[in-house]
Amino acid sequence: MSFRKYLTSKVFFRQVLVALGIVAVLSFVFFNMLSYFTNHGEEITVPNLSKLTVEQAEEKLESLDLDYVLLDTLDFNKEFPKYGVVVQDPKPGSKVKANRKVYIKINSDGYAYVTLPDLIEKTYRQAEPTLKSIGLEIGTITYKPYLGKDMVLEMKHNGAPVKPGAKIMKTSKIDLVLGDGKIAFDETEIDSLMQQEDLENTDE
């Protein structure tokens, strides 16, 4: 049989059909296996882990074939329980594949302590942002006679004087005693000035 006759024979067409059938079957098996291994079309909704403990978050994620990674402990936030999840990535509601890791950051167990800076003889305008930048708040402001107006003369915490370098819990209030911009003389100084003035008048 010539090659041209073979190409038009029933045997050739049967072999082509068999070959196409084999290719179709192999393609079907290949794409189904690929879909199986990549979980094609199967997505998991990331749950909301906010305020859950690490143990609760782990249990919830494991039930959904997800994992977690604890990244960091954040400064204490009173809106969240101690060691509760504050931040998560991916966000709640995100669609992910199975075994995806969810990265979390948790709340600390209390406010940290900071070092009280030296604000003595600094102006109030300097003291206020300095305290706020380290997590402290301005408390009661009182004045006493002093030439430098609004200059910090004393610092107090819970009614007691505190010195620069003291360890103070974050969010605490620091009371400030400021100068009123007026010169103050005690009675001894006044008597001395009066005597000096009298002497000057006598000499005249």
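View 1. Lys132 is exposed, at a relative accessible area of 52% (exposed is over 50%, buried under 20%, and partly exposed in between, with a 1.4 Å probe and protein chains only). Its side chain meets that of Glu128 in a salt bridge, 3.4 Å from N to O; a salt bridge is a side-chain nitrogen of Lys or Arg within 4 Å of a carboxyl oxygen of Asp or Glu. Glu128 is partly exposed, with a relative accessible area of 26%. Because Lys132 and Glu128 are four residues apart in helix α4 (residues 124–133), about one helical turn separates them. Helices (H or I, at least four residues) and strands (E, at least two) are DSSP runs, numbered from the N terminus.

The model is predicted: local features need pLDDT of at least 70, side-chain atom pairs count only at pLDDT 80 or more, and totals for chains, interfaces and linings use all residues. Residues are numbered from 1 along each chain as its sequence is written, and side-chain values use heavy atoms, with hydrogens and water left out.

**View 2. The salt bridge between Glu154 and Lys144.** The side chains of Glu154 and Lys144 meet at 3.1 Å, N to O. This pair links distant parts of the chain, with Glu154 in strand β8 (residues 152–157) and Lys144 in strand β7 (residues 137–144), 10 residues apart. Glu154 is partly exposed at 27% relative accessibility, and Lys144 is partly exposed at 35%.

**View 3. The salt bridge between Asp75 and Lys170.** The structure holds three salt bridges. In one of them, the side chains of Asp75 and Lys170 meet at 3.1 Å, N to O. Asp75 lies in the loop between β2 and β3, and Lys170 in the loop between β10 (167–169) and β11 (173–179), 95 residues apart. Asp75 is exposed, with a relative accessible area of 52%, whereas Lys170 is partly exposed, at 22%.

View 4. Three strands, in the order β2-β5-β3, form an open sheet with mixed pairing; two strands pair if DSSP finds at least two bridges between them. At the edges are β2 (67–74) and β3 (85–89), each pairing on one side only. From one strand to the next the twist averages 25°. Strands β2 and β5 (residues 101–107) run parallel and are joined by seven bridges. Asp67 has Lys101 in β5 as its bridge partner. Helix α3 (residues 54–62) lies across β2, β3 and β5, at about 160° to β2. Axes are lines fitted to C-alpha atoms, for helices over the stretch in contact (heavy atoms within 4.5 Å), and angles run from 0 to 180 degrees between N-to-C directions.
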